[in-house]
Amino acid sequence: MAKKKILITGVGGFIASNLADRLVRDGYQVVGIDNLSGGFLEQIPKEVEFHNIDIRSKDIAPLFKGADVVFHLAAKTCVPECQKAPYETADINVMGTLNVFDACRSAGVGRVIYVESSAIYEGSKTLPTPETEFAPQTFYAISKATDHLFAKAYQELFGMKMIGLRYFNVYGPRQDYRRAMPPLMSRFIIKLLMNEKPPVFGDGTDRRDYVHVDDVNDLHVLLIENDAAVGKELKVLNVGSGVSYSILEILALLQEILGTKIDPTFEPNIPGAAQATLADIREAQKLGWQPKASLKEGLKGMVEYIKAEIAKGNVTHSL
Ligand SMILES: NC(=O)c1ccc[n+]([C@@H]2O[C@H](COP(=O)([O-])OP(=O)(O)OC[C@H]3O[C@@H](n4cnc5c(N)ncnc54)[C@H](O)[C@@H]3O)[C@@H](O)[C@H]2O)c1
């Protein structure tokens, strides 16, 4: 039987390019969309039929014809940048997403897997957090929460088969270290490799649920085929590891891996940052998914990736 045709939006980005690698390796036919506003052409496997196009363009619709499954990951992703630009955030993350949903609907796509975020829980105090919580506060989280409400309506009104994924902190090779505020692990690794003091925001006790991109892709692949994942109602799944680590624990592990002993600087915490995130992952586990990555091995992989980026001359700023 011919392998399924999968369309991925945001295919030049961190998670989607890792997904494209995995699907190509597994023999799927992959079509990718990205406007390369944040992603990189060099990250897209050459086997992917790539289209450099904005998800807000009406010209995306024909590209969805014949797709069995769509993974919609394209988004404006940097939370501090979204706080500065609410209109653009909504334009890309809400209007762009609706354009993708409409394209899926017109093309009769069998399964639409789109990405929300654990940021939807930023005003919730419940830990571990189940999918029933809903407390967006930042513009980024509000845009993702709006996508959730639209997806629910598309599923109910048009009978589309949709799955919303609430990723927690995804880490691994190709995490976007180039953005104005690089994610914690990339920031620490770059600073330590440059023999500079890593900046800790707050007192370092804030905790996050980190999930490795390979585990996330195990779930993605499972969702392509698993019929229990779709039903009459919109399925929403937390995608975390179900374990949390403090900022200082991550820093200590990285110092151990790199053999460094550099004291951090302590900076004022980012306003609105959650004290802790922790996913209740029982819904995804019911489908047979189990995150397997060891944090230490995952961090070693990221260190190797960033060393290679430095060697290529891609890490140009000292953050
Ligand atoms: N990385 C995480 O920890 C995390 C956590 C929660 C949710 N998410 C969500 O997962 C998805 C992927 O995240 P990522 O970390 O890989 O982000 P990323 O920034 O690396 O990738 C996003 C991609 O979308 C593309 N894009 C942006 N605007 C576009 C537009 N208008 N048209 C076409 N393409 C566009 C960018 O060029 C980029 O390649 C996003 O929806 C993000 O909100 C990520």
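The side chains of Glu 249 and Arg 207 come together in a salt bridge, with 3.4 Å from N to O; the term covers a side-chain nitrogen of Lys or Arg within 4 Å of a carboxyl oxygen of Asp or Glu. This pair ties distant parts of the chain together, since Glu 249 sits in helix α7 (residues 247-258) and Arg 207 in strand β9 (residues 207-212), 42 residues apart. Helices (H or I, at least four residues) and strands (E, at least two) are DSSP runs, numbered from the N terminus. Glu 249 is partly exposed at a relative accessible area of 37%, and Arg 207 is partly exposed too, at 29%. Here buried means under 20% relative accessible area, exposed over 50%, and partly exposed in between (1.4 Å probe, protein chains only).

The model is a predicted one, where local features need pLDDT of at least 70, side-chain atom pairs count only at pLDDT 80 or more, and totals for chains, interfaces and linings use all residues. Residues are numbered from 1 along each chain as its sequence is written, and side-chain values use heavy atoms, with hydrogens and water left out.

A search of the whole structure turns up 22 salt bridges. One of them links Asp 26 to Arg 22, whose closest N and O atoms are 3.3 Å apart. Asp 26 counts as partly exposed at 27% relative accessibility, while Arg 22, at 18%, counts as buried. Through shared partners, salt bridges join Arg 22, Asp 26, Asp 218 and Lys 292 into one network. Another salt bridge brings Asp 54 and Arg 56 together, at 2.8 Å between the closest N and O atoms. Both are partly exposed: Asp 54 at 22%, Arg 56 at 31%.

Then there is the sheet. Seven strands make up an open sheet with parallel pairing, in the order β3-β2-β1-β4-β5-β6-β10; two strands pair if DSSP finds at least two bridges between them. β3 (49-52) and β10 (235-239) are at the edges with a single partner strand each, so one side of each has no neighbour in the sheet. On average, neighbouring strands are turned by 15° against each other, direction ignored. Axes are lines fitted to C-alpha atoms, for helices over the stretch in contact, and angles run from 0 to 180 degrees between N-to-C directions.

Within the sheet, four bridges connect β5 (residues 111-115) to β6 (residues 162-167), and Ile 113 stands opposite Ile 163 in β6. Helix α3 (residues 86-107) packs on the sheet, touching β1, β4, β5 and β6, and its direction makes about 180° with that of β4; contact means heavy atoms within 4.5 Å.
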